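Good morning, and thank you for coming. Please look at the sequence and the structure on the screen while I take you through selected residues and their surroundings.

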Amino acid sequence: MALTLYVDTARWRAHHKHVQEQFPGLVPVCKGNGYGFGHEKLAEEATRLGADVLAVGTTYEAARIKDWFSGDLLVLTPYRRAEEPVPLPDRVIRSVSSVDGVYGLVGARVVIEVMSSMKRHGVSEQELPQLHAAIENVRLEGFAIHLPLDRTDGSDAVEEVIGWMDRLRAARLPLHTMFVSHLKAEELARLQQQFPQTRFRARIGTRLWLGDHEATEYRGAVLDVTRVAKGDRFGYRQQKAASDGFLVVVAGGTSHGVGLEAPKAMHGVMPRAKGVARAGLATVNRNLSPFVWGGKQRWFAEPPHMQVSILFVPSDAPEPQVGEELVAHLRHTTTQFDRIVDR
């Protein structure tokens, strides 16, 4: 009995090919938990796509993935002099976001990140003159810019990249390759047309692996079903059942990522109102689970346990049977499955 990730592999791979066709020179990204699929599987899929570079989050991820992917590995987290050294092969390319970082990687292959409107990290315009001397002692693979997802000020992503291209050109820095993130296909095409001497390479993770929502589905197996009457006590905290129904024990708990939720940016009155309502219900121990039964998301009977969750299904709904599976709406980047099955 398990929390299972079902994958329509043919459909999933067809989506990969579609994205690759839209973004020539695509650099697949495999970081964190491998977008819910695991590093090994995504390394295999990147190889299947014929990718020559695979982007990873950290040096520790590069050390693990190097045995599964034979091409170059681009580490996205910028180098810092004080970081713990991790033994890595020469085919690993390091991202750098400061002039000091470039000086700290003598002889290494590097991609220099410039500061975008994200304002997360990157070399500033004022530092560009200092890069001339710094890049003499490294193998420069190109520059990179990481763009925001939303542009609430109405600014244009392409114009932001063009601005940096002009600054780099004015500083007489090499512009043979520019790695970009969070651009649309038509935006990338505009840039390539305007700068034909530069190769633009889109680093894509979410859109590539998770862009077709119908290609994947999580399901948790029902392990036990117990009928309860209103007022019956149950669970670790011996709460009382609010009405007649069933306590359904389903595979999938906190060790799988069930019950974990990343903060969300909310825009508009309705999403904010719903967020306030959910917070209010949580204060009286009413938390909606990700599991669906009888066409509805069901409530947690109590907070999820380490490997299972206990749901309350009211008596007017069909009684789940042991061995049946409940669809679970889970976030791939925070979920760890027990098994993966091709469907």
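Predicted model: local features only at pLDDT ≥ 70, side-chain atom pairs only at ≥ 80, totals over all residues.

**Ala328 and its surroundings**

Ala328 touches Tyr218, Arg219, Pro290 and Phe291, leaving out residues up to four places away in sequence. Ala328 belongs to strand S17, which covers residues 325–328. Is this alanine buried or exposed? Its relative accessible area is 4%, below the 20% cut-off, so Ala328 counts as buried. Please also find Leu5: it is 323 residues from Ala328 in sequence, yet the two C-alpha atoms are 9.7 Å apart in space.

Let me now step back to the chain as a whole. It has 343 residues, of which 46% are buried. Its secondary structure consists of 9 helices and 18 strands. Along the principal axes, the C-alpha atoms occupy a box of roughly 75 × 45 × 40 Å. Among contacts with a separation of 6 or more, 66% join residues 24 or more positions apart.

I turn next to the aromatic residues. How many aromatic pairs does the structure hold? There are 3. In one of them, the ring centres of Trp12 and Trp209 are 6.1 Å apart and the planes meet at 45°, so this pair is tilted. Trp12 is in helix H1, residues 9–22, and Trp209 is in helix H8, residues 206–210; the pair therefore ties together parts that are 197 residues apart in sequence. Trp12 is buried, at a relative accessible area of 0%, and Trp209 is buried as well, at 1%.

Now to the salt bridges, of which the count is 19. Asp52 and Arg201 meet through their side chains in one of these, at 2.7 Å from N to O. Asp52 lies in the loop between H2 and strand S3, while Arg201 lies in strand S9, so the bridge ties together parts that are 149 residues apart in sequence. The two partners may be compared by accessibility. Asp52 is partly exposed, at 40%, whereas Arg201 is buried, at 5%.

Glu141 forms a salt bridge with Arg109, and their closest N and O atoms are 2.8 Å apart. This bridge links distant parts of the chain, with Glu141 in strand S7 and Arg109 in strand S6, 32 residues apart. Glu141 is partly exposed, with a relative accessible area of 22%; Arg109 is buried, with 13%.

A further salt bridge joins Arg343 to Glu217, with 3.5 Å between the closest N and O atoms. Arg343 lies in the segment after strand S18 and Glu217 in strand S10, so the pair ties together parts that are 126 residues apart in sequence. Arg343 is partly exposed, at 45%, and Glu217 is partly exposed, at 22%. Salt bridges also link Arg13, Glu45 and Arg48 into a network.

The side chain of Glu187 does, however, reach the backbone nitrogen of Lys184 at 2.8 Å. Beyond its neighbours within four places in sequence, Glu187 is in contact with Ala157 and Val158.

Finally, a word on backbone geometry. Most residues other than glycine have a negative phi. Tyr35, however, has a positive phi of about 55°. Tyr35 sits in the loop between strand S2 and helix H2, and at 6% relative accessibility this tyrosine counts as buried. His182 likewise has a positive phi, of about 65°. His182 is in the loop between strand S8 and H7, and at 36% relative accessibility this histidine counts as partly exposed.

Thank you. I shall be glad to take questions.

Methods. Residues numbered from 1 in each chain as written. Heavy atoms only, no water. Phe/Tyr/Trp six-rings, centres within 6.5 Å; stacked < 30°, edge-to-face > 60°. Helix = DSSP H or I, 4+ residues; strand = E, 2+ residues; numbered from the N terminus. Buried < 20%, exposed > 50% of the residue type's maximum accessible area, 1.4 Å probe, protein only. Polar contact = N/O pair within 3.5 Å; in protein donor to acceptor, adjacent residues only side chain to side chain. Contact = heavy atoms within 4.5 Å. Salt bridge = Lys/Arg side-chain N within 4 Å of Asp/Glu carboxyl O.
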